[in-house]
Amino acid sequence: MKLSRRSLLKYSIATAALASGGAWLVSPASIDFKPMPRLTLKPQYQQVFWYLIPAFLEGAVASDDVARKQHVLANIDQAFSILEPHTQAELNQLLEILASRGGWLLLSAGAAQLSELSIAQRLLLLQQWQQHYLQLLRQAYQGLHELITAAWYGDPTAWPELAYHLPVQARGLVND
């Protein structure tokens, strides 16, 4: 089979387009918020949590409440550091998928980037993950939910707003 110059150019252009498209899919989404440098979480992972915190903590932390989101993000970072190594590895894999364009495209079923979704759209997406027929998505939801809610409700500074009072028997166990 003889390859003409025109065919060679077409195949070259198609190959370059596929390669660049593949590189785009595995590249991380752009960072569109100011990451907290003192945290051990990668900026891409911080961004995933940054946009999921208001959805998981709907009513407790507003999307525009930067100070509270930073506080919860710092708590998540601290909680992440004390997780078992295998749990950290699984969570890192999940966050890597969520932070990449292709992974987000796959897990969100084609929704816009996380930063572009409204709170209602994020809540709907999380509800779909929670009730999905794939166990992987249900586990992803559960892991993120437990980590984010523990970071908020386990923080003694959030307790007065919740009207929670630590039982007398537990007072010596928690630094309040």
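N75 counts as buried because its relative accessibility is 15%; buried means under 20% relative accessible area, exposed means over 50%, and partly exposed lies in between, with a 1.4 Å probe and protein chains only. This is a predicted model, in which local features need pLDDT of at least 70, side-chain atom pairs count only at pLDDT 80 or more, and totals for chains, interfaces and linings use all residues. Residues are numbered from 1 along each chain as its sequence is written, and side-chain values use heavy atoms, leaving out hydrogens and water.

Let's stay with N75 for a moment. You will find N75 in helix α3, residues 66-81; helices here are DSSP runs of H or I with at least four residues, strands are runs of E with at least two, and both are numbered from the N terminus. Not counting residues up to four places away in sequence, N75 touches A151 and D155, where contact means heavy atoms within 4.5 Å.

A151 is buried, because its relative accessible area is 4%. Apart from neighbours within four places in sequence, A151 is in contact with V72, N75 and I76. A151 and I53 are 98 residues apart in sequence, yet their C-alpha atoms are 9.8 Å apart in space.

I76 leads us onward. Beyond its neighbours within four places in sequence, I76 is in contact with L41, F49, I53, L147, I148 and A151. In the largest nonpolar core, which has 42 residues, F49, I53, I76, W129 and L144 touch the most other members. Such a core is a set of buried Ala, Val, Leu, Ile, Met, Phe, Trp, Tyr and Cys residues joined through side-chain atoms within 4.5 Å. The elements giving two or more residues to this core are α2 (43-56), α3, α4 (85-99), α5 (101-107), α6 (119-130) and α7. With nine residues, α2 gives the most to this core.

Next, look at R122 in helix α6. R122 is buried, because its relative accessible area is 7%. The side chain of R122 reaches the backbone oxygen of Y51 at 2.9 Å. Leaving aside neighbours within four places in sequence, the residues in contact with R122 include Y51, P54 and L114.

Finally, return to helix α7, residues 135-153, where L136 is found. L136 counts as exposed because its relative accessibility is 60%.

Methods
Polar contact = N/O pair within 3.5 Å; in protein donor to acceptor, adjacent residues only side chain to side chain.
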